[in-house]
Amino acid sequence: MAVNTSPESPLPVGEVSRLIGGWIDRLGAVWVEGQITQLSRRPGAGVVFLTLRDPSYDISVSVTAYRQVFDDVADVVSEGARVVVLAKPEWYAPRGQLSLRATEIKPVGVGELLARLEMLKKSLAAEGLFAPERKKPLPFLPQLIGLVCGRASAAERDVLENARHRWPAVRFEVRNVPVQGVHAVPQVVQAVKELDEIDAVDVIIVARGGGSVEDLLPFSDEQLVRAVASCRTPVVSAIGHEPDNPLLDHVADLRASTPTDAAKKVVPDVGEEYERVRMLRDRARRCVQGFVEREERGLAHALARPSIEDPHRMIDERADHVASLLERGRRCVGHLLDRAQSELTHTHARVVALSPAATLKRGYAVLQRADGHVVRDPGEVTADEALRARVAEGEFSVRVEAQSDARSDARSDARSDARSDARSDA
């Protein structure tokens with residue numbers, strides 16, 4: 001229940017401490033896991049004092065255990081060991097201090113640690129933290145590299161020396177932190193976050209030399225794995241040696257087998273790059289030279305063609321052919337005109353021969369009535385009828401006399417013509 005207090009009626013310190021103790025007493029015994037950071041076994045004392053620390057957070061709690069409880073695990077438990085403790089929280093009112101009274105202590109074995117890591121690995125993989133599509137590519141030539149490693153460690157020396165040997169101009173932003181023990185995880189996480197916040201840092205390397213499974217446990221901590229997964233800067237894991245495989249290797253954007261390998265993968269070798277540039281330059285020169293030579297051969301082949309060597313030759317040949325065709329066309333047209341002229345002359349002669357005008361020129365005349373009808377029979381006209389006579393050189397009017405006289409004259413003319421023809425035949 002909440003305690004009602006006010007500035008006028010505050011609680012004494014002793015009462016507050018008593019109340020806190022009462023609340024803690026109601027908690028009951030709990031199983032607690034942590035890492036032993038301090039261990040005090042005073043000779044002759046019946047109680048063992050130790051400090052239990054959370055490896056992922058900067059939190060510690062004091063633990064007391066009766067000697068007979070600790071003696072059961074004294075041979076396998078020492079400072080730095082991970083243990084699971086069944087303890088009852090206690091509140092020491094005179095000092096206002098919280099502690100745990102241990103009734104059972106169990107060491108966490110390597111097999112159990114590996115089993116827990118495997119379960120954590122599956123859980124993080126199910127969240128997608130190890131997915132390949134999350135991996136960020138490393139820059140080709142980083143200008144500033146962030147390095148998280150132990151102070152004056154072999155890992156720091158390997159990374160710095162190999163990187164500067166490969167590319168002397170490379171720069172480093174180094175964060176020296178504990179890489180094992182209870183303080184490793186929070187400080188490594190803090191160092192990674194600090195380097196990730198620096199815009200000039202192009203890539204972060206987390207490096208440490210080899211060690212036992214327990215020594216490398218900080219690099220399989222869930223807090224560190226999630227911190228690396230949230231980084232916007234590419235992270236390279238260079239923990240231990242080739243067989244070592246902490247969870248940091250799975251979440252990092254690139255895994256290096258050793259710190260030396262990390263330097264080789266992050267920093268290009270200036271000699272190799274110079275040789276690659278030289279090879280590419282020679283290859284480009286050969287390509288350009290081959291292209292020019294190929295084009296020169298094509299140009300020479302084109303210039304060797306008759307049409308290019310003597311451009312007027314084709315025109316001259318075509319001109320002779322055109323002249324021949326023109327002459328042939330003229331002859332064909334002339335023959336056609338001559339033939340048409342001859343046919344026209346013959347046709348004109350036939351037309352002239354068959355023309356009534358030619359008949360009239362021989363002395364004949366054509367009689368026409370007033371309505372223009374040609375007179376072919378004497379019976380078609382009447383006496384005293386006016387007719388129009390058409391001759392070769394013009395026309396004039398005539399009048400018909402009596403028909404009888406006309407018939408007699410006609411018969412007389414016929415007999416006269418008959419006698420004339422007879423004499424001619426004789």
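I count two residues as in contact when they have heavy atoms within 4.5 Å. With that in hand, I began at Arg-53, which touches Gly-34, Gln-35, Thr-37, Asp-58, Ile-59, Ser-60, Val-182 and His-183, leaving out residues up to four places away in sequence.

**Ground rules**

I am working on a predicted model, where local features need pLDDT of at least 70, side-chain atom pairs count only at pLDDT 80 or more, and totals for chains, interfaces and linings use all residues. I number residues from 1 along each chain as its sequence is written, and side-chain values use heavy atoms, with hydrogens and water left out.

**Entry 1: Arg-53 and Asp-54**

I placed Arg-53 in strand E2; strands (E, at least two residues) and helices (H or I, at least four) are DSSP runs, numbered from the N terminus. Is Arg-53 buried or exposed? I call a residue buried under 20% relative accessible area, exposed over 50% and partly exposed in between, using a 1.4 Å probe and protein chains only. Arg-53 counts as buried because its relative accessibility is 8%.

I then looked for its polar partner. A polar contact is a pair of N or O atoms within 3.5 Å; within protein, one must be able to donate a hydrogen and the other to accept it, and residues adjacent in sequence count only if both atoms are side-chain atoms. The side chain of Arg-53 makes such a contact with the side chain of His-183, at 3.2 Å.

Asp-54 also sits in strand E2, but it is partly exposed, at 30% relative accessibility. Leaving aside neighbours within four places in sequence, I found Asp-54 in contact with Ile-59 and Val-182. Its C-alpha atom is separated by 7.7 Å from that of Glu-33, 21 residues apart along the chain.

I took the domain bounds from an automatic or database domain assignment. That assignment gives domain 1 (13–108), domain 2 (115–268), domain 3 (270–308) and domain 4 (360–400). The C-alpha centres of domain 1 and domain 2 lie 34 Å apart.

How many residues are in contact between the two domains? I noted eleven residues of domain 1 against nine of domain 2. Buried area here is the accessible area (1.4 Å probe) that two parts lose on being put together, summed over both. For domain 1 and domain 2 the value is about 790 Å², 48% of it on carbon and sulfur atoms. Strands E1 (30–40), E2 (47–54) and E4 (82–92) each supply at least two residues of the side of domain 1 that touches domain 2. The largest share, three residues, comes from E1.

I also checked for salt bridges, meaning a side-chain nitrogen of Lys or Arg within 4 Å of a carboxyl oxygen of Asp or Glu.

**Entry 2: Salt bridges elsewhere**

By this rule I have 23 salt bridges. One of them joins the side chains of Arg-82 and Glu-33, at 3.9 Å from N to O. The pair links distant parts of the chain, with Arg-82 in strand E4 and Glu-33 in strand E1, 49 residues apart. Glu-33 is partly exposed, with a relative accessible area of 39%.

Lys-136 and Asp-253 also meet in a salt bridge, at 3.5 Å from N to O. Lys-136 is in the loop between helix H3 (110–126) and E6, and Asp-253 in the loop between helix H7 (247–251) and strand E10 (254–255), so the pair ties together parts 117 residues apart in sequence. I noted Lys-136 as partly exposed at 24% and Asp-253 as buried at 13%.

My next pair was Arg-331 and Glu-327, with the closest N and O atoms 4.0 Å apart. Both lie in helix H11 (residues 311–354), four residues apart, about one turn of the helix.

**Entry 3: Arg-208**

I found Arg-208 in strand E8 (residues 203–208). Arg-208 counts as buried because its relative accessibility is 8%. A polar contact of 3.2 Å joins its side chain to that of Gln-180.

**Entry 4: Positive phi**

Ala-152 has phi near 55 degrees, a positive value in a residue other than glycine. I placed Ala-152 in the loop between strand E6 (144–149) and helix H4 (154–166), and it counts as exposed at 70% relative accessibility.
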